Every structure is written in structure tokens, then in C-alpha cells.
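Here is a short report on one multi-chain model. It covers two annotated stretches and the overall build of one chain.

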Amino acid sequence: MGKKLRLYVSMLLSTILVSGCWDQVQIEERGFVVGVAVDAPRNENAEEQAEQEAPEKPKGKQRFLVTNQMVIPGGLVAGGQSTGQNTTNEAYLNIVSEGDSLFEVSREFATRASRTPFYQHLKIIIFSEEIARSKNGFGNAIDVLLRDPDARRSTKVFISKGDAKNVIEVKPKTEKLPSLYINSIGENNDRTARMLPVMRIGDVHEQLLNQFSFTLPRITAEKQEVKIAGAALFNSDHIMVGFLGEEETEGLNFLTNQIKGGLLKAKFKEDLGVLSITGAKRSIVADTRNKEHLKFTYQIECEGAIMESFDQIDLLNKQVMEKLQLAFANEIERLCRDTITKVHKQLPVDVIGLGSHLKQYHKDLWKDIKNDWEKGKRLYGKSEIKVVAQVYIRNIGGINRAELGR
Amino acid sequence: MLRRILAQHRRQKASSSELPRQEAAQPISLSLSSNLQENLETIKTLLGNSHDLLTRSFFIGNTQHSCAVVCIDGLANSAMVHEQILANIQLMISTAEKTVPDDPEEILSLLFEEVLSVIEIKKESDFQSMLDCVLSGDTALLIDGTNQVIVIDSKGWATRAVEEPAAEGLVRGPRDGFTESIRDNTVRIRRRVKDYHLRFDGSIVGERSKTDLVVAYIDNIVDKELLDEVKRRLATIDIDEVEESGFIEQWIEDDFLSPFPQIHSTERPDKVAASLFQGRIAILLDGTPVVLILPVTFGLFLHSPEDYYERWIVGTLARLLRYIASFLAVFSPSFYIALVTFHPGLIPSDLAFSIAATRDGVPFPAFLEAILMVTTMELLQEAGLRLPKPLGQTVGIVGGLVIGDAAVSAGIVSPVMVIVVALTAIASFAIPSYQLAIAFRMIRFFAMFTAAVFGVYGVILSFIVIMIHLSNLTSIGYPYLSPFAPQMPRDWKDLILRAPITFLRKRPKALHTQDETRMRTGDQS
Amino acid sequence: MSAQTLAEKLISKNHMGINIASVTIGVGILTFPRTLAKATGAFDGWISIVISGAVAFLIGWLLAKLAARFPRQSFFEYTSLIASKPVGYVLTILICIYTMLFVSFEVRAIGTIAKQYLFYNTPVEMITLSFLLVVQYAVAGSRVALLRLNLLFMPVVLYVIVVVLVFAQPLVEIENVRPYFSSSWKALLQGSKDVGLSYSGFEIILFYTMLMKRPEEAGKSVFLGLLIPVVLYMTIYVFVIAVFSAEVAKNLTFPTIELAKEVEVPGGFFERVESIFFTIWIMTIFNTSAMWLDITVLNLTSMFKKVGKMVWILILSPIIYFIAMLPQNLIDFFSFGDKLTYFGLIIVYLIPICLLIIAFFRGVKGNG
């Protein structure tokens with residue numbers, strides 16, 4: 001019996017082996033998609049055509065114009081000796097298509113590209129302002145990117161000012177792949193305070209499931225480069241309501257405790273002093289006595305080192321130093337006030353973490369006013385916000401003065 | 001269970017189906033006659049007048065009693081036969097002025113007791129036992145008129161000089177190795193183990209080859225049940241010839257279907273001595289420098305004597321490296337297949353793109369590519385092994401550099417594949433035991449097949465299957481995977497880790513030794 | 001067989017604990033953060049884990065008491081002693097059905113989840129078949145070798161989970177954890193009930209106690225065996241909530257896999273840990289299903305002594321395979337698991353406890 005069993009098992013195994021290998025796709029046959037840009041279609045030709053062909057077809061509320069950036073690995077290899085099928089020397093290929101479902105569009109690429117799109121190396125997703133502002137665009141577009149087991153939750157998400165397609169089509173000088181170029185810029189927020197920290201698609205999912213407003217980093221395309229600075233504001237219905245400028249983003253980073261680095265400029269006496277931020281901390285004190293009129297105080301503590309001092313002052317003098325610290329603190333307060341004016345008064349969206357603070361520290365109150373915070377009675381708009389900043393200068397650099405006072 | 005049936009089946013078959021052989025090997029029941037000439041004729045007939053048979057008839061001293069010596073040319077030490085036997089009998093009797101008795105029986109006892117100054121000497125009366133001794137190098141002295149024969153130990157044939165074992169070289173450690181002579185080998189062990197509890201239990205295996213076999217152990221350390229079991233298994237050996245200890249190994253191992261070696265073999269006396277002290281048993285066989293050590297565990301194959309000779313940090317790191325090497329040796333081609341054809345998402349983006357770029361234009365799927373390269377490597381290894389040393393290196397260079405480089409530039413394989421195969425080869429050379437390295441080579445193909453069908457899932461399934469097999473495997477009844485499973489935390493000190501010498505107070509628990517302690521000083525318990 | 005080899009056929013207290021931990025950690029570990037977050041809606045779910053862990057330990061301790069009353073006797077033998085032979089037959093057969101269904105469930109889990117995360121075109125039938133063959137191979141070997149596999153795989157699994165958690169640590173956002181103690185008692189109890197389903201498995205103590213060197217230590221084994229999953233579940237839950245927040249955890253099909261998916265090893269050879277995590281998890285499922293199949297075979301051979309082990313494996317495997325192929329989708333699959341656990345609740349928890357009470361009052365005791 002034993003021998004027969006062995007025979008059957010080996011027969012079965014060889015059958016598996018012979019007929020197997022269902023999922024084998026050679027690595028060079030995959031089309032690695034590293035970047036996706038989602039736009040709203042410019043004209044409605046395609047939609048009308050689809051309408052005519054099949055009027056009964058189910059339709060989504062928003063149509064998307066999707067650009068996939070696919071890597072051509074042969075083009076990445078340095079040097080001219082390309083043995084492969086690469087005909088041009090480009091390292092990537094942008095494929096554009098249109099449809100009302102992102103998955104449909106990605107499958108549609110199969111009809112045009114010899115390599116099947118493969119999304120596990122997707123680095124960035126860029127949504128155009130228009131999609132973000134439309135009522136169903138953003139949430140719908142992001143669904144497949146979260147649902148697909150293929151997609152990773154660490155893909156970075158940006159909102160482009162203008163067309164997303166233009167962003168992904170920049171031709172950077174330093175990198176061969178625009179998407180990787182954008183990807184690495186996105187990680188530079190430890191050097192500038194004007195950039196929001198990276199929002200990965202997993203974080204976006206978190207925000208979409210929360211009832212708060214949120215921000216996403218803004219990206220702007222120029223000819224040969226892109227700029228990631230500023231922020232796109234989304235209200236609690238996940239519709240984009242506006243942009244924050246670069247300075248306002250700096251304030252926002254202070255208010256949301258997301259400063260990783262960057263600089264502060266302040267005018268002291270006659271000329272500028274520049275502080276390199278090495279760390280900042282924020283805490284919120286809430287006065288919850290009056291539910292209709294909540295009072296919040298932001299306490300921001302920031303430390304840094306003097307990098308430039310144009311006005312020749314004695315930095316080793318204690319009084320001078322204290323005044324200098326005060327000047328920087330005032331600058332922080334100004335930045336924050338500007339931001340608050342925009343997100344609190346002009347477009348009431350709670351992107352500065354107040355609701356979340358109430359939820360965490362005043363859970364009973366929060367249960368009460370949850371539905372009246374940004375919507376309903378709009379208690380957020382009725383609250384009062386104060387900012388108090390404190391700066392500590394830890395280091396003045398290698399010299400006290402560069403030249404003697406004029 | 002299934003396996004046991006098969007093993008039994010094999011043994012039964014071996015003993016039942018070859019009846020004619022047994023008849024041929026039937027012992028000669030002839031007794032010696034008292035006629036010398038007749039006896040010599042019989043010997044010549046029995047040995048078929050063999051070319052190397054030496055017989056010399058002569059008279060004892062100055063008497064007329066004729067006698068003869070019989071030995072095999074080359075096997076017997078001819079100087080010794082001359083000086084101790086011929087000269088003694090012919091000259092000493094006359095110079096010592098002994099009166100030679102008339103009775104042949106008395107002559108025999110005189111020679112036996114007084115004349116022959118040789119340490120090993122005995123009397124035999126039948127052809128079988130006499131020939132057995134003669135054929136293993138002794139000299140027979142036949143005396144006319146008696147039906148007894150004196151057998152004198154005169155073994156002395158040309159042996160190889162003691163050399164360092166080629167396959168088990170060390171940077172630090174003794175340079176001697178075993179040779180083909182069992183006596184030399186027992187000497188090597190005895191030189192290291194001067195404990196009077198050391199036992200060499202001798203026996204003869206092989207119906208026709210009559211090979212000497214010695215079971216070595218230290219009497220008051222070894223587990224008695226283990227010893228009984230080993231002896232029981234050795235007793236079942238029923239085969240005409242035993243050329244090498246591999247015959248013994250294959251006969252007494254637990255599972256003949258397993259690719260894994262269940263008995264360790266070595267040419268290093270220091271390793272054998274250390275194993276004996278641990279409570280293991282060594283089996284020495286005449287005619288081969290390879291000594292068997294048993295029982296073994298999986299971990300033992302990844303140990304090298306050097307681990308103990310070097311300081312413990314070095315030893316530990318070397319062992320860690322070997323465990324990694326064995327993993328790489330088995331699984332790196334299959335991981336390459338799985339990652340490249342199934343899960344390129346797992347590879348870091350930049351690496352994935354560059355692998356894709358290098359594979360651009362390669363006509364074979366990664367699996368075929370891997371099979372092609374791994375098989376080529378096996379061929380090279382086998383070819384290099386058989387050729388004389390200088391030629392072997394040439395093969396290595398031609399194979400490794402020329403074929404590898406040419407295959408890449410011809411676009412048949414990708415450079416990454418070459419790296420993976422090279423890594424696999426290097427990793428398998430880093431495994432100290434050649435036996436285990438061969439096992440890994442076989443398993444490598446199995447893992448590659450599963451990887452080709454199921455990707456990483458297949459690799460993990462093949463890993464599980466190997467683990468199931470290892471967990472079921474035993475070496476002379478001892479669990480192969482101990483002390484991993486069954487867990488014996490005490491033995492972990494000398495497993496992947498090689499704890500400082502002073503920490504290794506106890507012998508391996510897995511071996512159930514009678515005397516567990518190695519170090520008595522400072523031992524509070 | 002010599003005495004020495006016999007001694008190694010028996011297992012120690014700690015080994016039994018590892019067996020229990022191995023059988024407990026199974027499919028549940030991937031899904032429980034979702035059900036728990038759904039029930040409690042907050043970080044407080046960890047309290048539920050502890051509560052249900054304590055309840056599980058209490059039940060497990062009672063089961064261990066029952067089994068330890070009859071050392072070296074199989075489940076069938078001692079149930080027959082306590083409550084007549086026919087009852088023993090009926091009960092043991094019911095348990096065989098339960099354990100067999102459990103194997104089906106685990107095998108199917110492999111198929112479903114592998115299909116979702118590792119394969120696209122490979123048929124589920126083939127994935128499960130290959131897995132079932134491996135399980136068969138394991139059960140066909142010796143029983144103690146099968147249990148030793150737990151000793152080999154459990155540390156690997158724990159190690160990989162710890163690595164995943166260490167690399168997940170930078171993703172932790174402390175805001176997600178607050179507020180503490182916001183869930184009601186009702187929610188916590190509901191959560192305990194839900195997470196309790198992922199503890200099922202410790203009932204193997206009923207069947208494997210006969211293999212223990214000292215059966216009276218079975219209670220301690222249950223404690224160790226449940227301590228590992230309790231601590232593990234708590235850590236995973238804390239990390240899932242801290243990384244995702246409770247809101248997100250509710251909406252992830254397999255939150256634990258998603259956690260591994262979030263993790264990126266900086267500069268590592270593997271960019272995505274989740275496939276590695278998943279493949280390691282296959283080992284735990286393998287252990288779980290191999291043990292369940294082994295218990296099924298153990299119980300069947302204890303009832304029908306004439307039929308060999310191999311025969312039972314060959315009879316059971318097609319049935320297991322067929323049942324495993326029944327669920328049509330994820331919802332079916334999950335409800336299959338839930339129903340199975342409720343069935344088990346009666347068969348392996350309630351009835352044995354009743355048996356213990358009967359045995360206690362009637363003073364029935366094993367020889368030993």
C-alpha cells in the first residue's frame with residue numbers, strides 16, 4: 001500500500017508541476033508603475049462617445065483622466081549598451097487614459113502596453129485640484145488604491161495646483177524617473193517647515209474614516225522641477241476647500257506639532273536674524289467652561305540655532321539674547337495667527353487638531369458636541385484661539401560677530 | 001512506519017535471496033593433517049596457487065624435522081619473518097644448544113614457548129582460521145608430524161604516511177589524520193584518550209572480505225542502551241565485502257530514504273576523541289581512513305573542531321555564519337525564483353528595476369535560468385572533484401569565469417542569477433560537513449521546484465516539509481533535531497552559540513551519558 | 001522500545017504550553033483587531049483581551065483537571081468511564097467532527113488569504129491541496145515529532161512578529177490611542193466575546209494530556225499556553241490601534257496583515273514585510289491544522305483500534321478538502337469559523353466541564 005501511495009502522491013505532484021506556475025510572470029514582463037496622476041478630463045469627447053455606444057452602461061459620478069508612469073528598466077541602466085528591447089533612451093513611459101473607474105482605466109492599459117501594469121512599486125499618487133474639489137472625486141479615486149491588495153499603504157499622496165499630469169511629466173535633471181524625484185523631495189520636510197509631512201495613502205485612509213478636516217501636501221509643477229510646499233485643505237466631507245500658502249503651512253506645522261526642521265527669520269534691531277529650527281513642541285490648553293464659546297491656547301516651544309545674523313549684535317549678551325528670542329517668538333505667533341485667520345475665520349476647517357484634542361482629553365464634552373463641531377452649530381468657528389510662543393536659542397554658531405558694527 | 005516496513009523489507013531481501021553466495025562462502029571445515037607436504041598442497045589448492053603466496057620449507061636447527069612457513073608476500077613484514085622466525089628456528093636452537101625433542105608435538109611447544117620471541121602468537125588446527133590469519137598478514141608455521149600450526153603476528157605492509165585530511169582542513173588544530181590501517185587509527189585515538197575506560201571492541205565484518213571493525217567508546221560515559229543498539233545493528237550486517245565505512249553507515253542508519261546523513265564521518269582523530277568524550281561511539285573500519293561517529297544531531301554537522309580551538313567569540317560567529325550559509329545554500333536560488341517571478345514587489349524598487357533591466361532579453365524564465373545555472377555549477381563541482389588537482393583548478397576557472405561571463409554577455413542568463421548561483425556555491429562550501437552539503441544540494445532542487453510553482457508560499461511549504469522530515473528523523477534512535485526539538489536548553493550553550501569553555505560543564509544531555517559532568521572544579525551542585 | 005526513547009516520547013509542561021499557544025494562534029490573529037475595534041470602538045479593547053483570556057484560562061484549567069484525573073487514558077476511554085460507553089462513542093465522534101471541521105477551516109483560511117495576498121491566477125484548490133498534503137505528511141509521521149514542530153516554528157513566528165512590531169514602532173501615533181477607558185462595560189464584554197473566539201484551541205489539553213510526563217501539571221501548561229497569545233494579542237492590538245486608530249481598524253479586512261503592509265524596513269533587502277509575515281503565519285496555521293488533524297486521528301484510533309492511522313488520514317483528507325471548498329466568499333468563510341466555534345463551545349467546553357462535575361461527584365478516577 002505504501003508504494004502505491006507514494007506513486008499516487010508523486011503523480012499528483014508532477015501534475016501540479018506540469019500544469020502549475022499559474023502566477024509566473026517574469027520580472028522583465030511587468031510594467032512597474034511608480035507614479036499615478038489623476039485629473040479630471042479636459043473635454044467630454046470620450047464620455048459622449050461612450051454614451052453613444054452603450055447608453056445603458058452604469059456610470060460613475062466623476063470621470064478620471066489617469067496618467068500612469070511606467071518604468072522602462074532598460075533606460076535606467078547607465079551606459080549605451082542596451083541589449084534589451086528598449087528603443088529610446090527614456091527610463092519611463094507615461095500612459096494616459098480616461099474612464100469613470102480607476103481600475104477600469106488600469107485594465108484598459110493592458111490593451112495598449114506590452115507589459116502588464118504592476119502597482120506594488122507605486123511611489124506617488126497625485127490628484128489634481130479639480131478632482132479634489134469635486135464632490136465625489138477624491139474618495140472614489142482613492143478607494144481602489146486602498147482596496148487592492150497589490151497597493152501598498154505607504155504610497156505618498158499629493159494635491160497638485162493645476163493639472164496633476166503636468167507634475168508627473170516634469171523632466172528632472174538629477175533623476176531619471178520623475179516619480180522617484182518627487183518621492184525623494186517629499187521626504188525633505190526635516191529641512192523646511194514649509195512642507196507638510198508626507199501623507200501616505202494609509203494616513204489618508206485614516207483621515208477619510210475620521211470626522212475631522214485634514215490637509216494634504218501641495219505640489220506645483222514647473223518646467224524641469226516641481227515644488228512641494230503649501231497645503232491643500234479638506235473639510236470634514238473630504239472635499240477640498242482651498243490651499244494654504246507656504247508661510248501659512250509653516251504656521252500650520254507649528255500648530256499641529258509637525259515641525260521637524262526649517263528656519264525662522266526675524267527682524268531684530270535693523271536687520272535680519274535667521275534661526276535654524278532644531279525642534280518644536282506644541283501643547284493645547286482648552287478652557288471648556290462655556291460650551292458655546294470654547295477657548296484654546298496654543299503653547300509653542302521652539303528651539304534652534306542662529307545660522308545668520310546680519311545685524312552685528314553681541315550674541316553672548318544675555319539681554320540681547322532674550323530680546324532676540326522674543327523677536328523669534330513673535331514671528332512664530334505671527335505665522336500661526338495668519339494660519340488661524342485662514343483656517344478658523346475664512347474657511348472654517350479644523351485642520352489644527354482642536355477636535356482631535358477635545359476627543360482625546362475631554363471625551364465627555366466631545367461626545368456632547370461631536371455633531372456640532374464643524375457642522376451643525378459650528379462650535380469650532382465660534383471658539384477663540386490664542387497662541388503663545390517661546391523660543392530657546394541653544395547655539396549661536398562658531399562666531400559671535402562677522403564684522404564689527406557699522 | 002511505512003519507512004520501517006521498507007527498511008525491513010530491504011534487509012530481509014538482502015539475507016534471503018542470495019543463498020548461493022552463502023554456500024560459496026561456507027567456511028572450510030578441513031582440519032590440518034599431520035603431513036607437512038599434504039598441508040602445503042592443501043594450502044596451495046585453497047588459495048589457487050596464488051602468485052603472492054610464499055612457502056618456505058626448511059629443517060629445524062640441525063635436525064631432520066622439516067617444517068614450513070607460509071605467508072603472503074607484501075602483507076607480512078619480511079624482515080620480521082627472516083629475523084624472528086627463520087633465523088630463530090634455524091640458528092637459535094643450535095646456538096642455544098637446546099636439545100630438540102623428537103616428538104613433533106614437543107617441538108611445537110618448544111617453539112611456541114621459548115624460541116619465537118614474538119608478542120602475538122597462537123596455535124590453530126584448521127585451515128579456515130589459519131588462512132584467515134595468513135590472509136591478514138600473519139605467518140603460519142607448519143611442522144611436519146603435528147596437526148597444529150603456529151600463527152605468528154607478522155603484519156607489516158606498506159602504509160600511507162599520516163597526512164592532514166584534505167576534506168577537513170583547519171587553520172588551527174592538529175595536522176594528523178586517519179590512514180587506511182586500523183591499527184594506526186586506534187593508535188591515533190589511544191594517543192588522545194589515555195583513560196583506561198576507553199574500549200575498542202573488535203569484530204570482523206564481511207563474509208569474504210573479513211574486514212576488521214572496531215567499536216570505540218568510553219565505557220563509563222557512553223549510554224549503555226545506545227551501545228547495545230549499535231552492536232545489535234552491527235550484528236545484522238550480512239554482506240560479502242565491506243570496502244569502506246560507508247557500507248556500515250548505510251547498513252545501520254535509521255532511514256535510508258532520507259537525504260540527510262544520520263551518521264557522521266570524519267578523518268580527524270581529534271574530532272573522534274572529542275566525540276568519545278561527549279559520550280558518542282566511533283566505528284573504525286580497516287582499509288579506510290573514514291571513521292563513523294554516532295549518534296549525531298543536525299547541529300553537529302555544522303560544527304567544526306576549530307570552534308572549540310579558537311576563542312569562543314570567534315567560534316560563535318563562525319557557527320552563526322554556517323547556519324546562515326546552510327540557509328543560503330538551500331534557499332537562495334528558490335528565493336530568487338520566487339521573488340523575481342512571483343513577488344517583485346518584495347524587492348526594493350531600485351533593485352527590482354535593475355534586475356528587470358538585466359533580465360531584459362534573457363530568453364528563459366527565471367526558473368529555467370536557475371536550473372540551468374545550478375546544474376552547470378553541479379557539473380563543474382563534480383568535474384573538478386574527479387580531475388587531478390591542477391586540472392581541477394583549470395576547470396574551475398574555465399567554468400566559473402568563462403562560461404559565466406560568456407553566458408551573461410550572450411544574454412542567456414542574467415548577471416544577478418550568476419551572483420545568486422555563486423553565492424549558493426560559496427555558501428555550500430562553507431558547510432564543514434561534505435555529507436550535509438550534498439544533502440543540501442539535493443534539497444535545493446526541491447525548493448526550486450516548489451518556488452517555481454507557488455512562489456514564496458511554495459518555498460515556505462518546502463521549508464515546512466523539510467522540517468517535518470527532520471523532526472521525524474532519528475540517528476540510532478536519538479532525535480535528529482535535538483536540542484532544538486526536543487528542547488534541551490542546557491545543550492543550547494554549545495549549539496549556535498559556543499559558550500566559553502568554562503561554561504560547558506556538562507556533556508550533551510541528549511546523549512544520556514552515565515557521567516554528565518565534564519568539569520568538577522567549581523561545580524557546586 | 002527502550003526506556004530512554006520512551007521517555008522522549010512524552011512531553012514536558014513547557015512543551016505542552018507551546019503546543020497550546022501554537023494551536024491557539026491561528027486565523028484569529030489576523031482578524032481579531034477588527035472585530036474587537038468594532039465592538040469596543042477604542043483602545044480599551046485590550047481589557048477585553050485580558051478578560052476573555054482569563055475566562056479561557058478558567059475553562060482550560062477545568063479541562064486540564066478533567067484530563068489529569070485520568071493519566072495515560074485517551075479522551076474516549078475516560079468519557080466512557082465517566083458516562084458509559086455509548087455516551088463516550090457519541091461524544092468522541094462529535095468531537096472528531098468538530099476537529100475535522102476545524103482542519104477544513106484552517107486549510108481554507110490558507111487558501112483564501114494566500115489567494116488574496118500572494119496569488120492572482122493560482123486556483124484556491126491547488127493552494128489548499130498542496131497545504132493539505134503537507135499537513136498529511138506531518139500527521140503521517142510520529143506524533144511526538146509533530147508536536148516538536150511547534151517548538152521549532154513558534155519561536156520563529158514570535159520573532160518575526162516582534163520584528164514587524166519593532167519596525168512598525170515609528171508609525172505609532174499616540175493620538176490614536178487616546179482617550180483611555182472610554183468604552184462601556186457592555187462594549188467591553190461584547191469585545192471579550194468576540195476576541196474569545198480567537199482563543200479556541202486550548203481544548204487540545206483534553207486529548208494531549210495523556211502524552212505529558214506529569215499530567216498533573218496540565219493546568220500550568222494551559223496557563224503558559226494562554227499567556228503567550230494573550231500577551232501577543234494585546235501587543236498586536238495596541239499596535240494596530242496606535243498605528244491605524246480604531247476607526248481604520250474597523251474597516252480593514254485583515255488588520256494585522258495591513259499592519260505588516262504599512263511597515264517598511266529602511267534599506268532592507270525586503271521592501272515589503274507583509275508577504276514575509278504572511279508566509280511565516282502559514283507556519284502557525286500549519287501547526288494548528290496538523291494538530292487538529294492529529295487529534296481527529298488520535299480520537300478515531302482510540303475508538304476503533306483495528307483501523308490504522310494511515311487509513312484514517314486517507315479517509316479524512318478528501319472529506320476535509322471537500323468541506324474546505326464549500327465556503328463561497330469571505331462572509332461564508334467567517335461565518336463558518338464563528339459557527340464552528342459556537343459548536344465547539346458546547347462540545348469541548350460545556351460538556352467536558354459537566355463530565356468533570358459528574359466525575360467529581362461520582363468519584364471516578366483514572367488509574368495512576
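## Annotated stretches and chain build

Over residues 281-302 of chain B, the chain is 18% helix and 41% strand. The end C-alpha atoms of residues 281-302 of chain B lie 19 Å apart. The model is predicted.

Residues 281-302 of chain B carry the UniProt annotation "transmembrane region", which comes from an unreviewed entry. The annotation also covers residues 323-342, 418-438 and 445-470 of chain B. Over residues 323-342 of chain B, the chain is 95% helix and 0% strand. Two of the annotated stretches are set out below.

| Stretch | Helix | Strand | Distance between end C-alpha atoms |
|---|---|---|---|
| Chain B, residues 281-302 | 18% helix | 41% strand | 19 Å |
| Chain B, residues 323-342 | 95% helix | 0% strand | 26 Å |

Now to chain C. It holds 15 helices and 0 strands. The radius of gyration of chain C is 21 Å, close to the 21 Å given by the globule rule for 368 residues, so chain C is as compact as a globular protein of that length. Along its principal axes, the C-alpha trace of chain C spans about 60 × 45 × 40 Å.

Buried residues make up 63% of the 368 residues in chain C. Among contacts in chain C with a separation of 6 or more, 83% come from residues 24 or more positions apart.

What does the surface of chain C consist of? Chain C exposes about 13300 Å², and carbon and sulfur atoms supply 70% of it. Chain C has 27 positive and 20 negative charges. Their mean positions are 14 Å apart.

Technical notes:
Residues are numbered from 1 along each chain as its sequence is written. Chains are lettered from A and ligands numbered from 1 in the order in which they are written. This is a predicted model: local features need pLDDT of at least 70, side-chain atom pairs count only at pLDDT 80 or more; totals for chains, interfaces and linings use all residues. Side-chain values use heavy atoms; hydrogens and water are left out. Helices (H or I, at least four residues) and strands (E, at least two) are DSSP runs, numbered from the N terminus. The radius of gyration is taken over C-alpha atoms; the globule rule is 2.2 Å times the number of residues to the power 0.38. Buried means under 20% relative accessible area, exposed over 50%, partly exposed in between (1.4 Å probe, protein chains only). Contact means heavy atoms within 4.5 Å. Accessible areas come from the Shrake-Rupley method with a 1.4 Å probe; for residues, only the protein chains shown count as cover. Lys and Arg count as positive and Asp and Glu as negative; His and the chain ends are not counted. The place of a charge is taken as NZ of Lys, CZ of Arg, CG of Asp or CD of Glu. UniProt positions are given in the numbering used here, feature names are shortened, and annotations may be inferred rather than shown by experiment.
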